[in-house]
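Please open the model in a viewer and keep the selection panel at hand. The stops below are meant to be visited in order.

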Amino acid sequence: MPTPSIDPTASSAAAPWDGGWHTSAVRQPSPNFGPRPAGAVLDLLVLHSISLPPGEYGGGQVQALFANTLDWDAHPYFQSIRGLAVSAHFFITRSGELWQFVDCEQRAWHAGRSCYRGRSQCNDDSIGIELEGLEGDPFEPAQYTTLVHLCHDLAARYPVAHIAGHEHIAPGRKADPGAGFDWQALRQQLQWDAACFPSAAPPHKRY
Ligand SMILES: [Zn+2]
């Protein structure tokens, strides 16, 4: 194979990063985060689905939720989540636009009570990625494209060894991203080893 030429101005393989911020993302810092425990090994990516109100896309309400600026009175559904203080590191819109709310070096609030690969409190050592969508419904090809790029960029910077859904780290309590998420397509596009993926997917078994 030919040796790739090295651009001396390029910092490293972590070029798309400004610290723990992805340089291709729309940056909208959220106040909902805290420090990770000392020595946290960021080896898990957690996929979620979210839309506000559920099933309505593109209105900017998810971004408002993560910024604590959502108008709780703007829609009846918002009463059910009034006061919720949450965040994720990333959000991928239906058109594949990437947003970032929390520095990957910090602990975002997306997982809640959870356990995976023998470790609990997954917020401590995971990176949360929200896909704009409705739990159980399919996602857009543009979202997979952005997700795959993001996963590769994250894996170039962190020792990513696992990728799972919220439903896998909090089974029985959470069901996102749900049956409409195509794990097989993601695996094919990422070309990551099967061991990186939830053992029950695909097909996804529910107990
Ligand atoms: Zn979730």
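A polar contact is a pair of N or O atoms within 3.5 Å; within protein, one must be able to donate a hydrogen and the other to accept it, and residues adjacent in sequence count only if both atoms are side-chain atoms. The model is predicted, so local features need pLDDT of at least 70 and side-chain atom pairs pLDDT 80 or more, while totals for chains, interfaces and linings use all residues. Residues are numbered from 1 along each chain as its sequence is written, and side-chain values use heavy atoms, without hydrogens and water.

Select His89 first. Helices (H or I, at least four residues) and strands (E, at least two) are DSSP runs numbered from the N terminus; His89 sits in the loop between helix H1 (61-66) and strand S6 (90-92). Its side chain reaches the backbone oxygen of Gln106 at 2.9 Å, and a polar atom of that side chain lies 3.0 Å from the backbone nitrogen of Gly128. The relative accessible area of His89 is 0%, so the residue is buried (under 20%; exposed is over 50%, partly exposed in between; 1.4 Å probe, protein chains only).

Next, display the open sheet, whose six strands follow the order S3-S7-S6-S11-S5-S12 with mixed pairing. Strands pair if DSSP finds at least two bridges between them. S3 (26-27) and S12 (162-165) are the edges; each has a single partner strand, so one side of each lacks a neighbour in the sheet. Within the sheet, S5 (residues 44-50) and S11 (residues 126-132) run parallel over seven bridges, and Leu47 has Ile129 in S11 as its bridge partner.

Finally, select the zinc ion. Which residues coordinate the zinc ion? They are His48 (ND1), His166 (ND1) and Asp176 (OD), at 2.0 to 2.2 Å. Donors are N, O and S atoms within 2.8 Å of the metal (3.2 Å for Na, K and Ca); water is not among the atoms, so sites may look incomplete. His166 and Asp176 are both buried.
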